[in-house]
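Let's take a walk through a protein model together, one step at a time. Have the sequence and the 3D view open, and follow along as we go.

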Amino acid sequence: GKMLERMEESEQRIFLEMDRDKYAHKGMMRVPKVRNKTPAAMQITAEQLLAEAQAHRNDEKKPPKQMITDPEELEEYKLRTRTDYENSIRRQKHYMGTWVKYAKWEESLQEYERARSIFERALEVDYKNFSLWLKYAEMEMKHKFVNHARNVW
């Protein structure tokens, strides 16, 4: 430190460049060189960068939806998806998002008993989760299962 203070500015620069080159190959010190320090004509805020990144993330291609016409293939698909959900729940049983997705998926297949069972199992894990109670009751009311909806409350 004191040696650098006694050097002139040009000597300091040369000394620091030599020092940087000496350690660069070992991965110890990486100092990027900035060649053009003039400000850009158009300035971008951090919010703009984040918004643009988010927009590009949403552009990801999703696989096309397939129609399953063969009953055997449909049963295979259901079994495979249920196994995936059950494994996911086993790994992270306190993550309610997976429970809800699983129940909603069963609901979309009109498997209301299974969806109920999933909601009930999720409530055994976290009975204080208001959102879970609401989603459960909403599912019952949406499909006009009034008595079941009353039982949820």
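At what angle do helix α5 and helix α6 pack, and how far apart are their axes? Keep in mind that this is a predicted model. Helix α5 covers residues 96-108, helix α6 covers residues 112-125, and the two pack at an angle of about 165° with their axes 7 Å apart. Angles over 145 degrees count as roughly antiparallel, so α5 is roughly antiparallel to α6. If you look at how α5 and α6 cross, you'll find that the crossing is left-handed.

Now let's see who does the touching. On the α5 side you have M96, W99, Y102, A103, E106 and E107. They meet Y112, R114, A115, I118, F119, R121, A122 and V125 on the α6 side. Sort the residues of this contact by type and you get ten nonpolar, four charged and no polar ones.

Those charged residues bring us to the next topic. Side chains of opposite charge can pair when their charged atoms come close. How many salt bridges does the structure hold? It holds nine, and we'll visit a few.

Start with K78, which forms a salt bridge with E75, their closest N and O atoms being 3.7 Å apart. Both K78 and E75 sit in helix α4 (residues 71-91), three residues apart, or about one turn of the helix. E75 has a relative accessible area of 46%, which makes it partly exposed.

Next, find K142 and E107, whose side chains meet in a salt bridge at 3.4 Å, N to O. K142 is exposed, with a relative accessible area of 56%, whereas E107 counts as buried at 6% relative accessibility.

E140 forms a salt bridge with R116, the closest N and O atoms being 2.6 Å apart. Here too, distant parts of the chain are linked: E140 is in helix α7, R116 is in helix α6, and they are 24 residues apart. E140 counts as buried at 0% relative accessibility, and R116 counts as buried at 8%. Elsewhere, salt bridges that share partners join E75, K78, R82, E106, E111 and R114 into one network.

R82 is in helix α4 and is buried, with a relative accessible area of 12%. Leaving aside residues up to four places away in sequence, R82 touches Y102, W105, E106, E111 and R114.

Our last stop is M139, in helix α7. Is M139 buried or exposed? With a relative accessible area of 2%, M139 is buried. Not counting residues up to four places away in sequence, M139 touches E107, A115, R116 and F119.

Methods:
Residues are numbered from 1 along each chain as its sequence is written. This is a predicted model: local features need pLDDT of at least 70, side-chain atom pairs count only at pLDDT 80 or more; totals for chains, interfaces and linings use all residues. Side-chain values use heavy atoms; hydrogens and water are left out. Axes are lines fitted to C-alpha atoms, for helices over the stretch in contact, and angles run from 0 to 180 degrees between N-to-C directions. Helices (H or I, at least four residues) and strands (E, at least two) are DSSP runs, numbered from the N terminus. Angles under 35 degrees count as roughly parallel, over 145 as roughly antiparallel, 65 to 115 as roughly perpendicular and the rest as oblique. A crossing is left-handed if the near helix is turned anticlockwise from the far one by less than a right angle, and right-handed if clockwise. Contact means heavy atoms within 4.5 Å. Ala, Val, Leu, Ile, Met, Phe, Trp, Tyr, Cys and Pro count as nonpolar, Asp, Glu, Lys and Arg as charged, and the others, Gly among them, as polar. A salt bridge is a side-chain nitrogen of Lys or Arg within 4 Å of a carboxyl oxygen of Asp or Glu. Buried means under 20% relative accessible area, exposed over 50%, partly exposed in between (1.4 Å probe, protein chains only).
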